[in-house]
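Welcome to this guided tour. Open your viewer, have the selection tool ready, and follow along stop by stop.

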Amino acid sequence: MTQPMPKCSFEASKLIVRLNMTLPADAHAINGVTEGVMAMAREMECAKGKEFEVETALREALANAIVHGARGDVTKLIQCCVACDEARGMLIVVRDPGEGFDPASVPSPIVGQNVYSSHGRGIYLINQLMDTVEFVGNGTEIRMIKR
């Protein structure tokens, strides 16, 4: 039985918009969610001029949640929460039902033989593209901010 996802909460008093959605742990769901979030971001001018960075980080976070957190089990759910805040920019939270991981133990994709690997660049890219990245809940939740 799937546990209900906790509510996403943002502590900002000046939110422009807030989305809270769940999606099946199916890679085919990534495009629809990402396109919807980015359409909202463009309309509300969230992270204006930074859309590429936000979209890429969101896609990577969702893919990691589906592949690693839910292990590709389409019966499991991934949660995605998005908010625009006048003072802090765009806030994105992606939460998965997995057991978590230690982000510090993920090898750098730009060192040694990892350069030749065909995977393992998601967290690195997210950290490069977003202004703030935080892992919560033993790595089952990623919080990203783009100002």
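This is a predicted model: local features need pLDDT of at least 70, side-chain atom pairs count only at pLDDT 80 or more; totals for chains, interfaces and linings use all residues.

Residues are numbered from 1 along each chain as its sequence is written, and side-chain values use heavy atoms, with hydrogens and water left out.

**The whole chain**

Of the 147 residues, 37% count as buried. Here buried means under 20% relative accessible area, exposed over 50%, and partly exposed in between (1.4 Å probe, protein chains only).

**Helix 1**

Next, select residues 29-44, which form helix 1. How far apart are its end C-alpha atoms? They are 23 Å apart, which agrees with the 22 Å that 16 residues should span at 1.5 Å a residue; the expected span is 1.5 Å times one less than the number of residues.

Now colour the buried residues of this helix: Ala29, Ile30, Val33, Thr34, Val37, Met38, Met40 and Ala41. Look down the axis of helix 1, and these buried residues fall within an arc of 160 degrees, so they line one face of the helix. The arc is that of the directions from the helix axis to the C-beta atoms. Why might such spacing put residues on one face? An α-helix has 3.6 residues a turn, so residues three or four places apart point the same way. On the other side of helix 1, find Gly32 and Glu43, which are exposed.

Glutamate 45 has a positive phi of about 60 degrees although it is not a glycine. Most residues other than glycine have a negative phi.

**Strand 3 and its partners**

Select strand 3 (89-95). Is this strand mostly covered or uncovered? Seven of its seven residues are buried. Seven bridges join strand 3 to strand 2 (residues 77-85), and the two run antiparallel; strands pair if DSSP finds at least two bridges between them. Click valine 82 to find its bridge partner in strand 3, isoleucine 92. Six bridges join strand 3 to strand 5, again antiparallel, and there valine 93 stands opposite arginine 143.

**The hairpin**

Move to strand 4 (residues 132-136) and strand 5 (residues 141-146), which pair in the antiparallel sense over five bridges. They form a hairpin with four residues between them, and glycine 137 in the turn has a positive phi of about 60 degrees. Asparagine 138 lies in the loop between these strands. Its phi is also positive, near 60 degrees, and at 55% relative accessibility asparagine 138 counts as exposed.
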